[in-house]
Amino acid sequence: MIHRAPPLLVLALAALPLVFGGCDGDESPILDAALPDAAPGAVTRADVLAHLGAAVFASSAAEFAARGVALEAAVEAWDAAGGGEGAELDAARDAWRAAMESWQFNELLRAGPAGEARSFVGGEGLRDRIYSWPTTRPCGVDQNLVAERYAASNFFDAQLVNVLGLDALEYLLFYTGPDNDCPSQVEINAAGTWAALDPTELGQRRAAYATVLAGRIARDGEALRAAWDPEGGDFAGRLAGAGADGSPYPSARDALEQVFHGLFYLDRVAKDLKLAVPTGLSPDCPSASGCPGDLEAPYAGFSRPSLLANLRAGRMLFTGGDDGPGFADLLVEAGAADLADDMRADFDAAIAALEGDSTPLDRLIADDLDGAQALHGHVKAITDDLKSRFVLVLDLDVPASGAADND
Amino acid sequence: MSALLHRAGRPVDVASLAALRVLYGALMCAALVRAMATGWVEQVLVEPTFFFKYAFAPWMPVWSPAGLYLHLGVTAACAALVALGLFYRVAIVGFLVGFTSLQLMDLTNYLNHYYLVVLLGALLGVMPAHRAFSLDVRRRPDLRIDAAPAYMVWLLRFQLACVYVFAALAKLNADWLLHGQPLAIWLASRGETPLIGPLIAHPAAPMVMSWAGFLFDATIVLWLSWRRPRALAWLAVLGFHTATGLLFDIGMFPLIMVTATTIFFDPSWPRRLLRRPPPPLPDAAPVGRPTPAIAAVATLWVALHVALPLRHYALPGDVLWSEAGMRWSWKVLVRAKDGAVTFHVTDPASGRRFAVSPGRYLQPRQESEMAGQPDLIHQLARHIAGDFARRGYPDVEVRAEARVSLNGRPAALLLDPTVDLAALDPDAIQRAVRPMPDTPPLSLGAR
């Protein structure tokens, strides 16, 4: 029997090119009754990358660069006025809020120059230079004030990022108290050098330090803008051309995965750090009534606007905005329109929850802990879908899984 | 029975065993060097702070980074010695111990082809694969033999047949054969692959390739075992595994299968390749004649490796959902499964509740692997309970909200979210598994 049986496998494999080769569009000889054609004009990964690169990444970098320049000017004006309280400080604070809001949008846009080189193709680590939270060190800022290290020519080379970015600048602009953030045993307290500072001198030094930081933030913002600008580094073009010559991405799938990894910020940072810890849902908070001291941007009271900007960025990446495709369109293309609708609704609900109440989060945690914890639930609804059906349907890998095999 | 034993003891050229030894050792050496060179060690064994353990080896430690590199280096050296056939018995034991212990360090690293490596190594380790084409023979010419008993080749063929046949059996389900899933999901993201991109982006591709894959797995052993189409069948093996290797991140698996299936060739194939005449075979194999004891062990081996992949039929639930009976079953690339898990921890003493993300303890890759596997979720739940005890909450309850999507279905709860996993015996985790959702997988027709 065996000797007379046709080699079915060989026939099956030989038939593959015939099946494919004989099919133009809707002429599949075996499946045309069950399967539709690939829709003409269907949204592709390349379409999404082209749109997000130009309309989201490049334009957001340009907006931050502009706000960085405005921040630098405002802080310089405050410095020129001798520091301390006054209209110049208020203007500098407003400029910081504007820059910070823009940067919080950029927090999710990690693909390309903003990301770390070891995790992102084309990464230059600009993100950490501009904003290092949750790695912050107000005590280090105070130590630099006493030693006037910010005036040294090698200041940026000699310091860690936790005393150089928007977070350090926040401390300098919004904390005007006479004391410092260091324990008593630290030298500036133990040796009395902090206590010896005249309050006026302290104000001047804060303004001078802030000016140095604002200048660097503006330069880094400009570097990021130039890297994305079609007239400059044109990273948007390289993102759009993934898989082609001149692009650092081997394929559109790889490039899309890098964009997607930015969305993971909503899970690891927005949900787990910005909300779970301050609202007492994390064991890192020892108090059952929450840990508002662990909120982001505590001196400026800017945690709610920061979260809002994060979610708006997430929604923008997801939907592509009003004038182009995003991840949601790929979900629809893949047959998961229901998931696209659910996630869009989850984004809208989370954004509405933050927009609908202007109570600072520290106050909300103190007055209505359940309400604050509900915000965690809103973000979790998004990230639950993100980590389950979203990654599965779009066949994306979670961050840092590149060296592992499957079978 | 005696006729079977007689046939099993029939001498065959030892050359194909020796060739498999050479290929196996070289491939494993390359795989381990690759693991050290590509960051696998750091990512998989250095960066994590928590490791999932096999129930039978909870004691397996994870060395320091220097220790890990030493471990891999020594194991790779053993693999090279295996390929060279130098100090073979010691080398293959060293390789097997090194490779197996590496797998035992973290359960999320389980891969079917790593399991196959261990099984093939164990079989080769008891065979005289070093007694031809080896430095051991050059060192000690008295070791040289030209023939080995046929059952040795049979056992290796059986082991490879298990992979294909049970992989085919695993594909015998509606998702694979009627919905083209999960291939449809995977192929959709690879439509721009050079040359074959337009083919795999065709709407018919998932169904055609699902059926082709099923037919390949179901019949390839037959074609490889049959002399006339064997060469063509092996070319099909080469084509099939090359294609899957190019399309999917499956590491060394294609190379392992392509090289290991050479055992289906006539045992003298290496000599023919080297244009050497096959040796005259003795009347009886000089070593390893199938005594009743050897026959009993071989029978047990075969029975075990037939029973293991079938055991899920005796367990409740769908194996792709519950994972009961999933490991060591050759269910290769048959399901796409991702999930999001949140551990809800309650301290009964204070009434305080926590929402704990796995990311607190796991690397993203580990979290992704854990999310669809109930026993791993349970392991982490118990670890979380221990961590909370150290933080001053000695008797917390830990419940898992595990939302899992299988082959593109809407995410559903994998575990009963009311079950306190901290108090649940590890053997009882399947009782907490909820039924598989009766929704269909992601629909091709909706693309």
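Reply: In chain B, 71% of the contacts with a separation of 6 or more are between residues 24 or more positions apart; two residues are in contact if their C-beta atoms, placed from the backbone, lie within 7 Å. The model is predicted, and local features need pLDDT of at least 70, side-chain atom pairs count only at pLDDT 80 or more, and totals for chains, interfaces and linings use all residues. Residues are numbered from 1 along each chain as its sequence is written, while chains are lettered from A and ligands numbered from 1 in the order in which they are written.

Chain B contains 19 helices and six strands, these being DSSP runs numbered from the N terminus (helices H or I, at least four residues; strands E, at least two). Its radius of gyration, 24 Å, is close to the 22 Å given by the globule rule for 447 residues, so chain B is as compact as a globular protein of that length. That radius is taken over C-alpha atoms, and the rule is 2.2 Å times the number of residues to the power 0.38. Along the principal axes, the C-alpha atoms of chain B fill a box of roughly 80 × 50 × 45 Å. Of the 447 residues in chain B, 48% are buried. A residue is buried if 20 or more other C-beta atoms, placed from the backbone, lie within 10 Å of its own, exposed if 12 or fewer, and partly exposed in between.

Between α9 (174-177) and α10 (183-188) lies Pro182(B), which a cis peptide bond with omega of about 10° joins to Gln181(B). Glu323(B), in the loop between α17 (319-322) and β3 (337-346), is not a glycine, yet its phi is positive, near 70°. With 24 other C-beta atoms within 10 Å, Glu323(B) is buried.

Chain B also takes part in covering a helix of chain A. The buried residues of α12(A) are covered by elements including β4 (353-356) of chain B, together with α11 (252-263), α13 (303-319) and α17 (369-393) of chain A. Nine of the 12 residues of α12(A) are buried, so this helix is largely enclosed by the rest of the structure; among them are Tyr265(A), Asp267(A), Lys271(A) and Leu275(A). The end C-alpha atoms of α12(A) (residues 265-276) are only 14 Å apart, short of the 16 Å that a straight helix would reach, where the expected span is 1.5 Å times one less than the number of residues.
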